[in-house]
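Let's take a walk through this structure together. Have a look at the fold, then read on.

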Amino acid sequence: MNIYIVIPAHNEDSCIDLMLQSLVEQTLQPKQVVVVNDNSTDTTETIISKYTKSFPWITSITIQSSSNHLPGTKVINAFYKGLETLDDDYDVICKFDADIILPKNYLESLVTIFNADKKVGIAGGLAYIKKEDTWVYETIASKEHVRGPFKAYRKACFNAIGGLKRSIGWDTLDVLLAQYYGWKVQTDKTLQVKHLKPTGKTYHKSSKHLQGEALYKMRFGIVLMLLSALKSAIARRSLTYFINTVQGYFKAQSHNITPLVTEEQGHFIRHLRWQGVKKKLGITKA
């Protein structure tokens, strides 16, 4: 399989050397990698250059955008700037963050997953963060969910879902739409990806209502929004997160923001989410 990778990077000089080195050391190397230096003001560009000079399959571009680290829009805009520089001769397209360290067999394992089942459209490992001297699972997501920092898409699935949405919540919506179009999502729990910057650590304060807005745009409905906000708030141990999410949802509703999905897709998403809730409550069989 031809694997192409796009890596958005904004002020990542503390991480990106480790990330790119983990790519270079893969047991199965990608065909093409493009690093998108997104308005960095530190030494990110210098570190990227070290790799582009040594490895012809790694290229880079520099773009100018907002310096605020707003989740969703900024990173996906950078992703598409990188994707535009690549040809269409890929089987798997990956969106990786610059603040991760991949296990050496990550790409080889992804190819094994995709080859084993032609209906798998999205695949990836699990995120681990460092606490003291130990790497522990980052508990903000289910172990069945492929996280945004290290996501791989089969080309047909990527095209079916219409690519990635330029909005916070894109890395939940892609999974939901993949299932809507009949694709499977698979995690390999043996693939422990080191996440060097815990999710949300660098987000700008103006992003506090965006998660609620995303739930509105995915047509979750009020009850599912409340359950989702509560679950995430508990994982983060933050009542403020719950309040901000709820406020963001109703703010989006009051402004009549256009949803990211059709009514039919929204119905499917709500049904799928309710199935998950019932399963966890033991109402239905696993």
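A word on the ground rules. This is a predicted model, where local features need pLDDT of at least 70 and side-chain atom pairs count only at pLDDT 80 or more, while totals for chains, interfaces and linings use all residues. Residues are numbered from 1 along each chain as its sequence is written, and side-chain values use heavy atoms, with hydrogens and water left out.

Let's begin with α3, which spans residues 73-83. Helices here are DSSP runs of H or I with at least four residues, strands are runs of E with at least two, and both are numbered from the N terminus. In α3, 8 of the 11 residues are buried, so the helix is largely enclosed by the rest of the structure. (Buried means under 20% relative accessible area, exposed means over 50%, and partly exposed is in between, using a 1.4 Å probe and protein chains only.) The buried ones are K74, V75, I76, A78, F79, Y80, G82 and L83. What sits over them? The cover includes the strands β1 (3-9), β2, β3 (58-63) and β4, along with the helices α5 and α6.

Next, find S167 in the loop between α5 (155-160) and α6. Is S167 buried or exposed? With a relative accessible area of 3%, S167 is buried. Setting aside neighbours within four places in sequence, S167 is in contact (heavy atoms within 4.5 Å) with G72, T73, K217 and L260.

Now for the charged pairs. How many salt bridges does a search of the whole structure find? There are 11, a salt bridge being a side-chain nitrogen of Lys or Arg within 4 Å of a carboxyl oxygen of Asp or Glu. We'll visit a few of them.

One joins K151 and D174, whose closest N and O atoms are 3.0 Å apart. K151 belongs to strand β8 (residues 150-154) and D174 to helix α6 (residues 170-180), so the bridge ties together parts 23 residues apart in sequence. Both ends are tucked away: K151 is buried at 0% relative accessibility, and D174 is buried at 2%.

Another salt bridge pairs K31 with D89, at 3.2 Å from N to O. K31 is in the loop between α1 (16-24) and β2 (32-38), and D89 is in the loop between α3 and β4 (92-96), so this pair ties together parts that are 58 residues apart in sequence. Here K31 is partly exposed at 39% relative accessibility, and D89 is partly exposed at 44%.

A further salt bridge links D117 and K184, with the closest N and O atoms 2.8 Å apart. D117 is in the loop between α4 (106-116) and β6 (120-131), K184 is in strand β9 (residues 184-195), and the two are 67 residues apart. D117 counts as partly exposed at 22%, as does K184 at 44%.

Finally, look at helices α8 (residues 222-236) and α10 (residues 263-280). Their axes come within 11 Å and cross at roughly 55°. Axes are lines fitted to C-alpha atoms, for helices over the stretch in contact, and angles run from 0 to 180 degrees between N-to-C directions. The two helices are therefore oblique to each other; angles under 35 degrees count as roughly parallel, over 145 as roughly antiparallel, 65 to 115 as roughly perpendicular and the rest as oblique. On the α8 side, the contact is made by V223, L224, L227 and K231, and on the α10 side by R270, R273, W274, V277 and K280.
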